[in-house]
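User: Please take a close look at a single part of this structure. Take me through it in short, connected steps.

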Amino acid sequence: MKALSGLDPILEHRVRLGICVLLARHEEISFSRFKEQLQVTDGNLGAQLRRLEEQGYIGLRRDFVERKPVTWYRLTAAGRQALDRHLDALRQLISAAE
Amino acid sequence: MTDVEKIKENLDYVSSAVRAGDSHGGIPALYFMWGALIAIGFALPDLAPQLAAPYWLIAGIGGGLFSWWWGARNARRQGVNDTALGRRYGLHWTIAGVAFLLCFLPLAAGRLPAETGATNFLLAAGLAYALAGVHLERPLLYSGLLMLAAYGVLVLLSPPYAWTLTGLVAGAGLVWAGLGRRAALRGGSVR
């Protein structure tokens, strides 16, 4: 099926998809907020974030909030394009299944 | 599990994660602060007219800046940095501020009696808060609607101490919104 081939293998993982969708809604999100919202462990979240970062889909910066170190993540232009393509393929897939 | 079932399950997971982070309720402390500032500020034209202008100059601008700072601080503590949303808040309340200044214009020019002028502030506040409820923070919708209802009553009945009554209604609306928001936060149903 054509729509299936349009799916991005990186974004087929639900935690990675969740990270990108959340970052599409907000400019920057912290590690701890992701952990709380996605209900995942530190190790799993760290691994998925690293994978997205290696792919160039997200960027990060380190900062301090009330003297505590915070890592902020944001979606890159490449990440946004990949997410748009992936969601488009999902839409096609769902309409084909209906 | 088929591909379609797996995709559906993944989408359910993502949508519940997105819903878990939705925050459109505002900060209770700011509702209480503005409820008090408005109730006091609106009573001044009736009780101590000479203090009204300096009060609003300090409380209006100071309160606005403090709300901006507190809102940004709160968002960062919750792990979200969103300048686009901050700009939307800023634009909305700046336009509301301009509307309040325009309400003051006919009073300053002596073209409108003070009693009639008070209700214009309530109309502008009601619209500003109701629209903020639509676009920014849902609890503000109900306080805005309460202010608009009070505007209708004040215009039709013209009671004495119109400014004070206006401030009390607007302040009560905000305190109501703040209490609702605080209860929701304590109940853990929202972030």
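Analyst: **Chain B, step by step**

B:Ser158 sits in the loop that links helix H6 (139-157) to helix H7 (162-187) of chain B. Helices (DSSP runs of H or I, at least four residues) and strands (DSSP runs of E, at least two) are numbered from the N terminus. The model is predicted, so local features need pLDDT of at least 70 and side-chain atom pairs count only at pLDDT 80 or more, while totals for chains, interfaces and linings use all residues. Residues are numbered from 1 along each chain as its sequence is written, while chains are lettered from A and ligands numbered from 1 in the order in which they are written.

B:Ser158 is not a glycine, yet its phi is positive, about 45°. Is B:Ser158 buried or exposed? B:Ser158 is exposed, because 11 other C-beta atoms lie within 10 Å. The cut-offs are these: buried needs 20 or more other C-beta atoms within 10 Å, exposed means 12 or fewer, and partly exposed lies in between, with C-beta atoms placed from the backbone.

Now take the whole chain. Chain B has seven helices and one strand. Along the sequence their pattern is α-α-α-β-α-α-α-α. The C-alpha trace spans about 75 × 30 × 30 Å along its principal axes. Chain B has 191 residues, and 27% of them count as buried. Residues are in contact when their C-beta atoms, placed from the backbone, lie within 7 Å. Among contacts in chain B with a separation of 6 or more, 67% join residues 24 or more positions apart.

B:Thr83 belongs to helix H4 of chain B. B:Thr83 counts as exposed because it has 11 C-beta neighbours inside 10 Å. B:Ala52 is 31 residues away along the chain, and 34 Å separates the two C-alpha atoms.

Next comes the inside. A nonpolar core is a set of buried Ala, Val, Leu, Ile, Met, Phe, Trp, Tyr and Cys residues joined through C-beta atoms within 7 Å. How many residues does the largest nonpolar core have? It has 26, and B:Leu122, B:Ala125, B:Met147, B:Ala150 and B:Ala170 have the most contacts inside it. Helix H2 (28-47), helix H5 (114-135), H6 and H7 of chain B each give at least two residues to this core. H5(B) gives the most, eight residues.

The contact between the chains uses 21 residues of chain A and 19 of chain B. On the side of chain B that touches chain A, helix H1 (3-21), helix H3 (49-77), E1 and helix H4 (83-108) each supply at least two residues. H1(B) has the largest share, ten residues. By class, this side of chain B has nine nonpolar, six polar and four charged residues. Here Ala, Val, Leu, Ile, Met, Phe, Trp, Tyr, Cys and Pro are nonpolar, Asp, Glu, Lys and Arg are charged, and the others, Gly among them, are polar.

E1(B) pairs with E1(A) in the antiparallel sense over two bridges. Strands pair if DSSP finds at least two bridges between them. In E1(B), B:Asn81 is the bridge partner of A:Glu28.

Which order do the strands of the open sheet follow? Four strands run E2(A)-E3(A)-E1(A)-E1(B), with antiparallel pairing. Strand E2 (58-65) of chain A and strand E1 (80-81) of chain B are the edges; each has a single partner strand, so one side of each is left without a neighbour in the sheet.

Within chain A, two bridges join E1 (28-30) to E3 (68-75), and the two strands run antiparallel. A:Ser30 has A:Trp72 as its bridge partner in E3(A). E2(A) and E3(A) pair over eight bridges, again antiparallel. A:Ile58 stands opposite A:Leu75 in E3(A). These two strands form a hairpin with two residues between them, and A:Glu66 in the turn has a positive phi of about 50°.

Notes. Two residues are in contact if their C-beta atoms, placed from the backbone, lie within 7 Å.
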